[in-house]
Amino acid sequence: MKHLFTAILCLLGSLAMAQSPLDIKLDDLYYGNLHEVLTLISKQHNIVFKYDTTRLEAIYVNERPMREKLKNMLTRICKAEKLKFYDDDNHIIHFIDRWESQSNAQASSVKTYFGEVKKRNFTLTGKIVDVTSQEPLPFVSVIVRGTKLGAATNVDGFFSIHHVPADTCAIEITYIGFERQLIYLVPGMNTDRLKIDLKPSSVNLQMVTIEGEKQELLEANNQAGLLKLSPRKLSSLPNLGEKDILRSFQLMPGISAANENSSGLYVRGGTPDQALVQYDGFTVYNVEHLFGFFSAFNSNSIKDVQLYKSGFDARFGGRLSSVVEITGKEGDRKEFNMAADISLMSVNAFIEFPIGEKFSSIIAYRRSWQSPLYNKIFKQFTSENTISQNEPSNNHFQRSGSAEVSSHFYDLNTKLTWHPTAADAIAFSFYNGNDNLDNSVTPDNSGSGMEGGAGSMGGGFSDFIMKNNDLTSWGNTGVSIKWSHHYNSSLYSNMLLSYSNYFSQRDRTSSGSYTNDEDETVSIRRGIIEDNDLKDFSFKSDFEYNLTSWLRFDFGGQVTYNDIDYMYKQNDTLTVIDRSTQGTTISNYLQTNIILDSSRLRITPGFRYNFFTPTSGNYVEPRINTSWQIIPWLKLKASVGRYYQFARRVIREDILQGSRDFWVLSDNTNLPVSSSDQVAAGFTTENKTLLFDTEVYYKKLYNITEYSLRYNYSPQGTDYKENFFTGSGYVRGIDILLQKKTGKLNGWIGYTLGQVVNDFPNFGTYEFYASNDVTHELKIVASYPWRKWIFGATWIYTTGRPYTAPEGGYQITLLDGTTADFINVSIKNGMRLPSYHRLDLSATYSFKIGGYAPATVGICIFNVYNRANEWYKEYEIIENQIIETPVYFLGFTPNINFTIKLK
């Protein structure tokens, strides 16, 4: 009997021990913070809890259970506070955030109390859009909170995350220019093609955020050298004319701001033609308006832009230096919207609207107008000494008389997008931009007799009629048709057909007629004529295949046909260059994205294969990009790659009056294919307030080309086609970025130490600094919001650029009676201009018209302290003496801008 009683007691004890503490019934009043409540319950019922004390101390509880199970009360509290709890095999009750996974080794068998988990280890797919317009957002960071899982949306806003632990996780979304958002998954919800709306952050009260290996973005910015800049935030920065995305990039380390009259990108020692600029998939070959003071892109039509300073993906090719990927807006899919900007430089307007439920459209137009500010810039760069920088050195008729100057630029963007199904999008994008300048002069000497003089025919003539032509125009046209298809959670594709055309025409001649001594009418034409025309026809396909959460393949192909013509004439009788070349580039690429060591190590190897028909050559470009998150606040990164360029701009050297460049296509003779081997490495460290980023880089350049008439020159029998000279070079440097991310006063400091050295055997047995070499560049950017104002400031300092100076000169008379200047020059780029620096300030006031239409008024002061920065030096030979004249950039220049929108 005694043994039976003992056995019954042991059995009852075992049953009591097997009972979950969550089934204990409570009958008491519990109030205070959750930490205090759990401490009391622990003492009352001998239950062990495990949790983050700080987290639970912030939660207030007021509960009065009446014979209610503990798990019921805790479930009610956790639902309200976005927590979940579970008990492990040792009957310890754990509290964690909803997005956290269970740390217990047997977590898969443990019951979690926040609704019943219905799916584990599943694939989450979706699309992220702007809540105001329903436009898809590209390159958005999407991560699963509490894990290393994540992805970035593609160019059409789609994302896919494999192996999500449970359907009670939380998804965190971050995107530059938009509010950070946390989405809580709910058991039973649809996790296939989830649609997520992001709300734009305040444009007027926040600073532009730079992103590149920093912040908590998981996939979008893991590459070395990648920068993002939000078009929505550009009003925070001082600007001469209006918001300008490429000008804003020049404020970043590694992108030179030393050439004030160029919105082209000089990235890590590269030239603008070495930067691949793509707008909605088609290539833009010239990115400048008004002598470079405006970029060719209207910020009102841009949704997203990314710049790769180095180590760009294998899907990009044909350039040596960098890539700018611009995604245009699709237009508002919800309602009609419009906006307009007007400044002392230009007028800018756009409209966007839906067409039914599946179409959306946007039209943006910008045009300059000849205000006092516009005329100031125009006169600065078209004065008599400046306008002649592109002329030949032959003397010509005196340019005096009356002129009706006409100058303007414009650009037009339009895009039509059709979403026939949830998995398809078809987009048509069109761009056209032009600059036109007419500075021709009609002399006041018509009908008068002239005798001899500079440029005379050597004798008397009468009935002289002469017009001095100065006509310049350049521009781009681009069009693309893209079909995007989302096959399933793993496979996505883009097919794109595009056309691009760049032209540049220059007529700087003196033309007319006269009657000679024999009463004969003689027509003459002197000066220069240039015509550069480039056509680009392309088809490309890109595929993304997500095999697992740690392995993704990107692959595709591209075919590009180029037709490039360039003609350069001096007078009527001398054609210096007349090239017409065509060629096809066939490319294929494969890139693998590998994530190892719980997402801390990311390796992206890839290669690109090219076949170029003019040379019948095969060109292989191996590349690899990697990053390693050593500890939460420190990340290492590196990239290595080889790059080829088949179409490029060649500098036509002119010592006396400034050099020009023109687009050509490589061939087997005078213009070999350019190439570059590059390596970059650095690290990023950050906390909630500051970010510090640095990268060192080295590039080796092969087959770079210049054109010059000062070598092997002879008035008779010169083969000008042989005046293309080929050399090599190297670039090395370091970029440093320090950014303050929080607080009202924020901004960044960027510094670059760099060196660009070329070696052309025909120029001498020595290496020389390239014309775009800048040793030191320092940029300071700051922004401060106050009430309805936002104030901005930028200060730029750079050391001077190198140039070639003449050491002596003389004149000779040619066979046709005209004269030509000949010079002896110093070492190539052996001199340097003075240092460049300037301060720009801006203030923007935000308000609403009629209580609902947002509007801003802004004022910007360019070059506040009126620094006289030298652009270049011009030389004249007078009586065999060289006269030097410096040409300056803009001085103190104010501007006012007004913007109004419907929403």
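Which residue takes a positive phi in the hairpin of S24 and S25? Keep that in mind, everyone, and we will get there together.

A quick word on the ground rules. This is a predicted model, where local features need pLDDT of at least 70 and side-chain atom pairs count only at pLDDT 80 or more, while totals for chains, interfaces and linings use all residues. Residues are numbered from 1 along each chain as its sequence is written, and side-chain values use heavy atoms, with hydrogens and water left out.

Let's begin with a helix. Helices here are DSSP runs of H or I with at least four residues, strands are runs of E with at least two, and both are numbered from the N terminus. Helix H2 covers residues 34-45, which makes 12 residues. From its first C-alpha to its last, H2 reaches 16 Å, close to the 16 Å expected at 1.5 Å a residue; that expected span is 1.5 Å times one less than the number of residues.

Now look at which side chains are tucked away. Leu34, Val37, Leu38 and Ile41 of H2 are buried, meaning under 20% relative accessible area, with exposed being over 50% and partly exposed in between, using a 1.4 Å probe and protein chains only. Seen down the axis, the buried residues of H2 fall within an arc of 95 degrees, so they line one face of the helix. The arc is taken from the directions between the helix axis and the C-beta atoms. Here is the general idea: an α-helix has 3.6 residues a turn, so residues three or four places apart point the same way.

What about the two ends? At the start of H2, a side-chain oxygen of Asn33 comes to within 3.1 Å of the backbone nitrogen of His35. After H2 comes Asn46, with a positive phi near 55 degrees.

Gln134 has a phi near 65 degrees, a positive value in a residue other than glycine. You will find Gln134 in the loop between strand S9 (120-130) and strand S10 (141-144), and it counts as buried at 15% relative accessibility. Arg268 also has a positive phi, near 45 degrees, and is likewise not a glycine. Arg268 sits in the loop between helix H5 (245-249) and strand S17 (275-279), and it is buried, with a relative accessible area of 1%.

On to the sheets. Two strands pair if DSSP finds at least two bridges between them. S16 runs antiparallel to strand S21 (residues 302-308), and 3 bridges join them. Leu226, for instance, has Tyr308 in S21 as its bridge partner.

Finally, back to our opening question. Strand S23 (residues 337-343) pairs with strand S24 (residues 346-355) in the antiparallel sense over 6 bridges. These two strands form a hairpin with 2 residues between them, and Ala339 has Phe350 in S24 as its bridge partner. S24 is also joined by 10 bridges to strand S25 (residues 359-368), again antiparallel, with Arg367 in S25 as the bridge partner of Val347. The hairpin of S24 and S25 has 3 residues between the strands, and the residue we were looking for is Gly356, with a positive phi near 70 degrees.

Definitions and conventions:
A polar contact is a pair of N or O atoms within 3.5 Å; within protein, one must be able to donate a hydrogen and the other to accept it, and residues adjacent in sequence count only if both atoms are side-chain atoms.
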